[in-house]
Amino acid sequence: MARSYRLLEKLGEGAFGEVHLAELREDDEDFVQTLAVKWLHSEYSGDPAIAGRLRDEARLLALLNHDHIVRVHGLTRLDGRLAVLMEPVDGIDLSEVAGECVPQEAALTIIAAVADALGAAWNAHPRGTSGPLRVVHRDIKPSNIMVTRTGAVKVMDFGVARAHFDNREAQTRSQQFGTARYMAPERWLHGESDAPSDIFSLGITMIELITGTEVERFRLARKAFAEDLERVLDRLADKPEIRALAAEMCALEADARPDASEVAGRARELAPGGVEALRAWAEARCVPRAGTKNPSPTVLAEEVSAETFAVTTDLSPTATATADVGLFDRSSGDLSADLARRPWFWPLVLGTILIALLFGVFLGFQQAPVTVVEAPVETASAAPLPAPVEPVPVAAPEPAP
């Protein structure tokens with residue numbers, strides 16, 4: 001069956017790829033469907049690690065069937081570039097209302113929807129898998145939560161999610177992934193990321209939505225953490241029930257936090273008219289993001305390959321869905337994301353170190369020995385220079401008779 005795609009509008013772009021609104025046309029059946037196409041830049045499509053991350057995210061999302069998680073329709077190649085076909089979400093992400101106070105009942109309804117999605121992802125047990133997926137999103141924050149004009153809530157970007165799959169790949173270092181101020185303390189202190197770490201991130205998100213103010217990253221020492229948390233909770237002093245919920249969600253100890261189901265239930269109890277409040281706020285505030293229209297839409301033919309799939313066929317991934325900070329994240333605020341956006345950074349550092357070492361060796365042959373300080377790079381070390389040799393005095397020859 002011949003399928004082609006008309007790229008209508010660019011919705012966004014990140015370090016590794018971009019997202020387009022597109023029309024899928026199946027010429028044999030005269031069928032047209034509007035989709036979002038999330039695809040890699042051409043220079044990264046051949047990178048096994050980056051392409052693998054995108055495939056993992058697509059396969060994971062295909063296994064998660066939930067109203068509040070963005071749906072995936074397929075994985076394919078267009079113009080030689082790996083692409084994920086996703087449902088289009090006509091709305092805004094919540095980073096676009098940063099600094100504004102979202103109405104209390106609307107904000108709590110959003111938090112309840114995200115908690116529902118996290119609980120479903122954690123407990124999902126698709127047919128053909130050996131057990132629950134135990135998905136941990138690891139990057140819950142306003143920019144990864146979208147709201148449509150009708151009040152629908154969608155959790156986006158599972159590019160750094162951790163999940164339990166059969167034949168999973170090697171363990172990942174979870175403390176490297178995420179956005180600093182939303183990351184739970186156990187991720188900084190122990191490198192652990194489990195369901196409670198997503199609850200912590202959601203608690204910080206709830207505080208920011210309701211108060212309209214950014215929460216700075218808490219200090220990690222126990223006393224300092226308690227002081228920072230108390231200072232932030234004071235912003236909710238006139239909302240004691242929400243304050244209590246936020247205090248539990250942002251507790252220092254992971255086992256002291258409520259689970260996703262409890263968060264969703266308590267949030268709904270605090271917002272009895274939340275669905276109507278969210279819909280009214282969304283209609284007024286969620287103006288669809290202005291993309292870059294394509295005046296003459298590009299038409300691309302699908303390249304059928306081993307990677308092409310439909311969500312109704314072979315969707316049993318064999319590797320853990322893990323990746324660096326989201327491939328299309330615009331503002332992570334995290335050092336690892338910043339470095340990922342600058343592929344020239346490490347080559348520049350290593351090149352500078354190599355030049356310094358060579359220059360030091362050169363000076364060692366020209367003058368007194370130079371003490372070389374080892375550069376702080378785990379993968380390279382300088383060989384010790386030979387100890388200086390004291391000059392041996394040579395006796396002058398006796399004059400000839």
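Strands here are DSSP runs of E of at least two residues, and helices are runs of H or I of at least four residues, both numbered from the N terminus. The model is predicted, so that local features need pLDDT of at least 70 and side-chain atom pairs count only at pLDDT 80 or more, whereas totals for chains, interfaces and linings use all residues. Residues are numbered from 1 along each chain as its sequence is written, and side-chain values use heavy atoms, with hydrogens and water left out.

Strand β7 belongs to an open sheet of three strands, ordered β6-β7-β8, in which the pairing is antiparallel; two strands pair if DSSP finds at least two bridges between them. The edge strands are β6 (91–93) and β8 (153–155), each of which pairs on one side only. From one strand to the next, the twist averages 25°, with axes taken as lines fitted to C-alpha atoms, for helices over the stretch in contact, and angles running from 0 to 180 degrees between N-to-C directions. β6 is joined to β7 (residues 145–148) by three bridges; along this pairing, isoleucine 92 stands opposite valine 147, and aspartate 93 stands opposite methionine 146. Three bridges also join β7 to β8, and on that side the bridge partner of methionine 146 is lysine 154. The hairpin formed by β7 and β8 has four residues between the strands, and glycine 151 in the turn has a positive phi of about 90°.

Helix α3 (residues 104–123) lies across β7 and β8, running at about 45° to β8. The helix has 20 residues, and the distance from its first C-alpha to its last is 29 Å, close to the 28 Å expected at 1.5 Å a residue, the expected span being 1.5 Å times one less than the number of residues. Of the 20 residues of α3, 14 are buried, so that the helix is mostly covered.

The largest nonpolar core has 83 residues, and those with the most contacts inside it are Ile110 and Trp281; such a core is a set of buried Ala, Val, Leu, Ile, Met, Phe, Trp, Tyr and Cys residues joined through side-chain atoms within 4.5 Å. Helix α3 gives the most to this core, with 12 residues. Residues up to four places away in sequence being left out, tryptophan 281 touches Leu94, Val97, Val102, Pro103, Ala106, Ile110, Val147 and Cys286, where contact means heavy atoms within 4.5 Å. A second, separate core of 11 residues includes Trp39, Ala83, Leu85 and Leu300. In soluble globular proteins, nonpolar side chains tend to be buried together.

Helix α5 (residues 195–211) has 17 residues, which at 1.5 Å a residue should span 24 Å, and its end C-alpha atoms are 25 Å apart, in agreement with that value. Because 15 of these 17 residues are buried, α5 is largely enclosed by the rest of the structure. The helix is followed by glycine 212, whose phi is positive, near 75°.

The structure holds 25 salt bridges, each being a side-chain nitrogen of Lys or Arg within 4 Å of a carboxyl oxygen of Asp or Glu. Aspartate 228 forms one of them with arginine 231, the closest N and O atoms being 2.8 Å apart; both residues lie in helix α6 (residues 222–233), three residues apart, about one turn of the helix. Aspartate 228 counts as buried, at 5% relative accessibility. Arginine 266 forms a salt bridge with glutamate 248, with the closest N and O atoms 2.9 Å apart. Arginine 266 lies in helix α8 (residues 260–269) and glutamate 248 in helix α7 (residues 240–249), so the pair ties together parts that are 18 residues apart in sequence. Arginine 266 is partly exposed, with a relative accessible area of 23%, and glutamate 248 likewise counts as partly exposed, at 29%. Salt bridges that share partners join Lys10, Glu13, Glu18 and Arg81 into one network, within which the side chains of glutamate 13 and lysine 10 meet at 3.1 Å, N to O.

Technical notes:
Buried < 20%, exposed > 50% of the residue type's maximum accessible area, 1.4 Å probe, protein only.
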